[in-house]
Amino acid sequence: MNGPIKRAAVACLAMFALLMINVNVLQAINAGKYRDDARNTRNYYDRYAVQRGRITAGGKVILAQSKEAKGDFKFLREYPEAELYAHLTGFFSPESASAIEASQNKMLDGSSPDLLLQRGIDLFTGEPTRGANVDLTINPKAQKAAYDALKQSGKRGAVVAMDPKSGAILAMVSLPTYDPGELSGTNKGQVFGRYDELAKQKSQPLLNRNIDRTYPPGSTFKVLTAAAFLEDDSSRDAQTVVDAPQVLQLPNTTAGLPNYGGAACGSGQVTLVFALEKSCNTPFGSIGMDLGYDKMNEQLTKFGAGQPLAVPMSVATSSFGEKEDQAAVAQASIGQRSVQMTPLQMAMIAAGIANDGTVMKPYLVNKITDAKGDALDEADPEEFSEAISSETAGKLRDMMVSVVANGTANRAQIPGVDVAGKTGTAETADGQPPHAWFISFAPANDPKIALAVLVESGAAKVGAEATGGGTAAPIAKVVMEAVLNQ
Amino acid sequence: MSEVAEASVTMPAKRRVAQLAMLAFAVAIVMGAYANVGLAMGGAIPSGMLTYGLGLGALMLAAYLVLARFAPWADPLILPLVTLINGLGLVMIFRLSESPSTLPSAKLASPSTQLMWTFVGILMFSLTLIFLRDHRALQRLTYTAGAVGLILLISPLTPFLGQEINGARIWVGIPGVGQIQPAEFAKLALVVFFAGYLVAKRDVLALAGRRLLFIDLPRARDLGPVLITWGVSLGVLVMQKDLGSSLLLFGTFVAMLYIATQRSSWVIIGILLFVGGAIMAGMLFNHVQQRFNVYLNPGDPVLFDAVGGSAQLMQGLFAMGSGGILGTGLGQGHPELIPLAFSDFIFPATGEELGLTGLMALLMMYALLVERGLRTSVAARDPFSKLLAGGLSFLLAWQVFIIVGGVTNLIPLTGLVTPFMSQGGSALLSNWILIALLVRMSDAARKPPPQAIQNEGMTQVFQR
């Protein structure tokens, strides 16, 4: 009987060999296929297995943190400031992330190569790996002031403020907003349902209006036209007299370019500073036509438009528009027609003028520290572009101070501080209320803050027409005070 | 078949010290694994580790002492191997119960019950060794064993007592005790029956009938027993929807038939009958058909979402894929995501945390255990022992092949417990008795034969 027993033994060995080969195929050869299968929810549990780092503002206010939890998930993400910083922190959902949560993900979850050494040490000491903490350049007071003021207007809009000397972003608010906590839960059905709901809303709360989309800048763009005009000939200054007809005749078209409300602008021959104070359309349309598309476009590019930019979230591209006829250049030179700007780009123009003509690269991440508090990375301010000469910057600064002191932007005045600014009221489609703009910086002689405020054509309060001076300037004033008074 | 015993037979060593050392090593590995789970999941050595570890250690020491006293010549490898497999099963069940998840795989895992059943299993192991001094006594109980096996097998069909769980009617509820799976005990009784029956009938069954292409077919009138077993297996499949036990029983019978008769024609007839039965079952029953579809296309999204579809199997494969070569480490994966991770799917759950490395070691341990059993069968001195040892060893191998092959999608999935690992008292008890029988037979096989009295006239002592 031993013969068949031995053959049975061989058969048993063959069965075990088959099992072993199969296990090798599963766990060595095809392992990746099963590991990465979308239906393998382990990847989703792993997202919550690491204690992500904190996101803070100004080194103290906690915007996002991971708290240890009981149950299926080890750590849950929470956002103590909720809506206030939503577009900055972003959310951390079961399958995706946005804003800082996305762009600094490798630092926050500790998987970055910069943390390799720390992970190695953790492996030996048995400490669980913890992500690095990310501190933002945001000034919490300015952020809160901007949020409250914009919210009070009851409209959609955006406020972005930066330190003109370094490029550090001090405040960035976009309304309407959302609660990132709602999009960071672990219940997929609930999170994705809420996301779809938000994504479908006409008011687009998920959008960071400062960097994700562009708007016609309206009269705030006249600052850029003035800059190009002054740069073109260094003998020109605020007192240079320019043509200011009631209606500017545009070539090859029967339509003319009027002033706001069809009003006259002085006596038809005005100084540049007067044209800016009163925000006349005709002189700047005429200047733009005289300079031509190329010079206007070149000046805008010098302020940074058209260059790729990440703060670290990538910023939509601002542009002067495609080259068309002279009539188009005239309209674009007063911030209408084809010209499209992000609020951040407008803030960069204000900041460039404030910083003697040099635009600093805007940035949000101030400092990255490991779990023990040792710095891994610190922001290093860098020049983004040389926009204008310091002489031109000086002339523009004085003119913008005059706009606030004597012109359309008197509601941005701060007692005891020279504020430089420019209002804008951008027409959108016919019959639609316009977008209200304001760009400014202060104090004019030693700028600490430069900012742009945009209030969208308001769906909220029907009938109450927004203007740059009436709606946007008071918001800017509050934000500037928050930074200057501390 | 018989050989003249030689006076200078090399005496197999008892190797009791080596056995004790291996046993201690097995218990040490299990205790290390407990500590590992606790450190990974709670950051501390689990408070119950001493209870579990020392409990297991004390149980194994007791089993060892019984073995040393009542079966001193037994194969030294069998007990340590079973200890390690049983211990790793306990650790996995402990690990699943420690999971904070609210999934059933975490909630239903109960390490304390399993430890209790391990204790009862070792008690049964010891009692079998103490009271069954000569396993050949079982040969006299051939037909009793057959009747008991059959009754146990059909007992879940009795009204009121039988219970259907997870679609299979294989449970009997005993008031005050809980549920038992009688098929687990039936398989032991039936193997005893097969061994006794085949020893008696093997000469007849081995008679050649017609010759067809190189194969000697058995005589048609001898087909009776194989047809009856086939019928019973199909009955189990149809009435209890228990694919696993059906396949286990029939396969073991065919293997024993082959060992008894040396006729490969029986294997071929067995395979043909099985394939025929399977095709018939596939056409008649939806659940068999669906199992087969799942086997062919486990990743299919429609089957994945279907009720009773491939989701369970795929969860096991996801676990193994995520574990990779080295595994996540005990306590650091998500085996609780696999439905039934504490019972049928304990193998992929182990694969996630111990990786390919761990599974290869585990399969190697099973293979060693089976081969030690078959070695006992080769060394046994009488046909009944040879058939019983061979049958029990094959049963073990075949069971591991069916369930592990099923959960790794090597063959269509049929539910069976993974011997010594899956949570469940019936299986643990019956498998410990199986091991006791193997130990008893290996003791008998390795014991030095009584000294032959040479040169006493023409008398010769024959050894069978």
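Two residues are in contact if their C-beta atoms, placed from the backbone, lie within 7 Å. The legends below describe a predicted model.

**Figure 1. Helix 1 of chain B meets helix 3 of chain B.** From helix 1, the residues in contact include Gln19(B), Met22(B), Leu23(B), Ala26(B) and Val27(B). Others from helix 1 include Val30(B), Tyr34(B), Val37(B) and Met41(B). Helix 3 answers with residues including Leu79(B), Pro80(B), Thr83(B), Leu84(B) and Gly87(B). Among its others are Val91(B), Phe94(B), Arg95(B) and Glu98(B).

**Figure 2. The packing angle of helix 1 and helix 3 of chain B.** Helix 1 covers residues 16-42, and helix 3 covers residues 78-98. Their axes lie 9 Å apart and pack at an angle of about 10°. That angle makes helix 1 of chain B roughly parallel to helix 3 of chain B, because angles under 35 degrees count as roughly parallel.

**Figure 3. Helix 15 of chain B, from end to end.** This helix runs over residues 383-407, which is 25 residues. At 1.5 Å a residue, helix 15 should span 36 Å. Of the 25 residues, 23 are buried, so helix 15 is largely enclosed by the rest of the structure. Just after the helix comes Asn409(B), with a positive phi of about 60°.

**Figure 4. Chain A touches chain B.** Chain A puts 35 residues into the contact, and chain B puts in 41 residues. On the chain A side, helix 1 (2-29), helix 2 (31-35) and helix 3 (42-47) each supply at least two residues. Helix 1 of chain A gives the most, with 20 residues. The chain A side divides into 18 nonpolar, nine polar and eight charged residues.

**Figure 5. An open sheet of six strands in chain A.** The strand order is 3-2-1-4-12-13, and the pairing is mixed. Strand 3 (75-78) and strand 13 (375-378) are the edge strands. Each of these two pairs on one side only. From one strand to the next, the twist averages 20°.

**Figure 6. Strand 12 and strand 13 of chain A, side by side.** Strand 12 covers residues 365-369. Three bridges join strand 12 to strand 13, and the two run antiparallel. Which residue in strand 13 is the bridge partner of Ile368(A)? The partner is Asp377(A).

Definitions and conventions: Residues numbered from 1 in each chain as written. Chains lettered and ligands numbered in written order. Predicted model: local features only at pLDDT ≥ 70, side-chain atom pairs only at ≥ 80, totals over all residues. Helix = DSSP H or I, 4+ residues; strand = E, 2+ residues; numbered from the N terminus. Nonpolar A, V, L, I, M, F, W, Y, C, P; charged D, E, K, R; others polar. Expected span 1.5 Å × (residues − 1). Buried ≥ 20, exposed ≤ 12 C-beta atoms within 10 Å, placed from the backbone. Axes fitted to C-alpha atoms, helices over the stretch in contact; angles between N-to-C directions. Parallel < 35°, antiparallel > 145°, perpendicular 65-115°, else oblique. Pairing = 2+ DSSP bridges.
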